Amino acid sequence: MDQQSDARELNDLMVRRREELAELRAHGIDPYPHAFGRNAFSAEIRESFSEGEPLRDVAVAGRIMSLRRMGKASFFHLEDSRGRIQVYLKRDDLGEIYDSFRLMDIGDIVGVEGFVFRTRTGEVSVHARRLVLLSKSLRPLPVPKEKVDEQGNKTVFDPFSDRELRYRQRYVDLITNPNVREVFRKRAAIISTIRRDLDSRGFLEVETPALQPQYGGAFARPFVTHHNALDIDLYLRIADELYLKRLIVGGYDGVYEIAKDFRNEGMDRSHNPEFTMLEVYVPYRDYLWMMTLVEELISGVALVLNGSTQVTAHGRTIDFKPPWKRITMFDAIREQTGHSLRGKGEAELRAIAKELRVEVEETDGAGRIIDAIFGDRVEHTLVQPTFVTDYPLEMSPLAKKHRSEEGLVERFEAICNGHEICNAFSELNDPLDQRARFEEQMRAKSRGEAEVQPLDEDFLRALEYGMPPTAGLGVGIDRLTMLLTGEESIRDVILFPQMKPESGESA
């Protein structure tokens with residue numbers, strides 16, 4: 001069927017549903033009442049039913065997802081947030097409302113009061129004594145059709161599977177694809193488990209500004225907006241780091257924030273301009289201690305979510321059981337490429353990148369070239385959780401210099417299944433060194449680099465009051481959720497991902 005025929009059919013169905021709505025109202029039925037006293041859910045009814053017990057009265061509510069009309073009796077499946085249950089309707093029990101059932105459709109939300117029984121085919125069902133229309137659906141659902149053969153094999157026809165349409169109309173996606181609802185239940189469980197763990201360690205959950213007069217804490221382009229009352233430009237935060245470290249200066253013994261960050265960058269399977277980050281800062285600790293925290297935190301989340309430290313993602317079994325592999329960035333590059341980049345200048349690094357067919361920008365300095373080589377030739381090879389440690393100083397203007405290796409900083413990234421899931425430092429707390437790093441970033445900006453760490457005078461002032469040695473951590477909640485649920489795109493774990501405007505919408 002072509003698109004024009006599809007549109008005509010959809011329009012005809014919507015017209016018919018509006019006619020049904022008018023007829024329901026003409027019969028004195030309110031298609032949008034205010035409330036319904038639900039007291040049970042489908043799953044608990046099925047699980048608690050036992051033969052021979054006295055009839056149990058229940059009140060259930062949900063959406064009609066399939067129906068069979070058979071004259072004086074009918075069946076439909078009602079779906080609520082916990083599953084489906086069959087409902088049996090009998091004209092002799094319901095009277096006039098049964099006649100109005102012909103005006104109800106798949107997608108309508110109804111309430112049912114009745115008793116639980118088992119049909120002759122063995123299905124636990126609700127025998128309706130009262131049926132209430134709670135919301136008339138004016139658009140037909142793209143409900144997939146199912147066929148089960150004699151061997152019990154199920155075939156699904158016409159599923160709501162167009163990815164762009166699913167992301168754009170997430171409400172329909174959630175209605176028609178229960179497995180999608182489960183992904184977001186798991187996402188909520190990931191966040192709540194992390195929060196419980198950090199709270200149990202005595203860390204304080206805080207909130208820092210999303211609108212900032214100076215962005216910082218990462219290499220990224222910000223979104224800019226204008227505050228009319230103050231007549232100033234403000235930035236949506238790209239990271240929480242600099243505000244959280246101000247709180248360590250203020251004397252807290254560990255702070256964390258689970259917050260939305262915003263970066264004005266491209267979109268792909270692992271990037272969305274609006275995303276969720278966990279950041280944690282703990283005084284008197286370093287990046288070595290933070291590796292242990294990460295192992296404990298993420299393996300604990302996997303256990304809560306799946307009952308095991310092992311998860312399956314994209315056909316691979318990944319085990320988060322500590323300890324994780326640890327390897328320096330230079331050693332990881334040498335293992336994969338055969339090149340030792342340690343101590344090489346920018347010209348030599350450019351020559352090696354060219355030999356390896358790694359694209360770099362003219363404005364990239366040595367640190368960015370090394371990062372490009374790592375990203376292109378190494379990162380995708382790291383499947384099991386791996387701490388990649390000890391990065392070049394140029395790549396990390398907020399990290400503390402390495403205690404024993406000249407030209408490096410104490411930093412690690414945890415890489416898993418080819419993606420970074422977290423980033424951590426022994427935090428730089430020398431205000432003079434930090435100022436020099438900021439100034440070098442400003443020189444890089446003058447050379448044409450677009451993504452630099454701006455000089456933040458108030459943050460430097462905070463450091464001048466004294467910040468204790470501190471370990472800092474950032475975890476991408478969206479990427480972690482992708483990994484723990486086996487989803488392939490960041491848009492599959494964000495309820496409403498950023499999309500291009502629909503045809504006819506203003507950009």
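In this predicted model, the side chains of Arg 435 and Glu 457 meet in a salt bridge, with 2.9 Å from N to O. The pair links distant parts of the chain, since Arg 435 belongs to helix H13 (residues 431-446) and Glu 457 to helix H14 (residues 457-464), 22 residues apart. Arg 435 is partly exposed, with a relative accessible area of 24%, and Glu 457 also counts as partly exposed, at 45%.

Helix H14 holds another such pair within itself: Asp 458 and Arg 461 both lie in this helix, three residues apart, which is about one turn, and their side chains meet in a salt bridge of 2.6 Å, N to O. Asp 458 is partly exposed at 33% relative accessibility, and Arg 461 is partly exposed at 48%.

Glu 113, in strand S4 (residues 109-118), and Arg 130, in strand S5 (residues 124-135), are 17 residues apart, and they form a salt bridge in which the closest N and O atoms are 2.9 Å apart. The structure holds 41 salt bridges, and some residues are linked in a network of them, namely Arg 16, Glu 20, Asp 105, Asp 108 and Lys 136. Side chains of opposite charge can pair when their charged atoms come close.

From charged pairs we turn to nonpolar residues. In soluble globular proteins, nonpolar side chains tend to be buried together. The largest nonpolar core here has 39 residues, of which Ile 194, Leu 278, Val 294, Phe 320, Phe 412 and Leu 484 touch the most other members. Helix H9 (residues 287-306) supplies the largest share of this core, ten residues. A second, separate core of 38 residues includes Leu 244, Ile 373, Phe 374 and Leu 382.

Setting aside neighbours within four places in sequence, the contacts of Phe 412 include Tyr 287, Met 290, Met 291, Val 294 and Cys 422. Cys 422 is buried, with a relative accessible area of 0%, and Cys 416 is likewise buried, at 1%. A search of the whole structure finds zero disulfides.

Phe 496, found in the segment after helix H15 (477-485), is exposed, with a relative accessible area of 57%.

Note on methods. Residues are numbered from 1 along each chain as its sequence is written. This is a predicted model: local features need pLDDT of at least 70, side-chain atom pairs count only at pLDDT 80 or more; totals for chains, interfaces and linings use all residues. Side-chain values use heavy atoms; hydrogens and water are left out. A disulfide is a pair of cysteine sulfur atoms within 2.5 Å. Buried means under 20% relative accessible area, exposed over 50%, partly exposed in between (1.4 Å probe, protein chains only). A nonpolar core is a set of buried Ala, Val, Leu, Ile, Met, Phe, Trp, Tyr and Cys residues joined through side-chain atoms within 4.5 Å. Helices (H or I, at least four residues) and strands (E, at least two) are DSSP runs, numbered from the N terminus. Contact means heavy atoms within 4.5 Å. A salt bridge is a side-chain nitrogen of Lys or Arg within 4 Å of a carboxyl oxygen of Asp or Glu.
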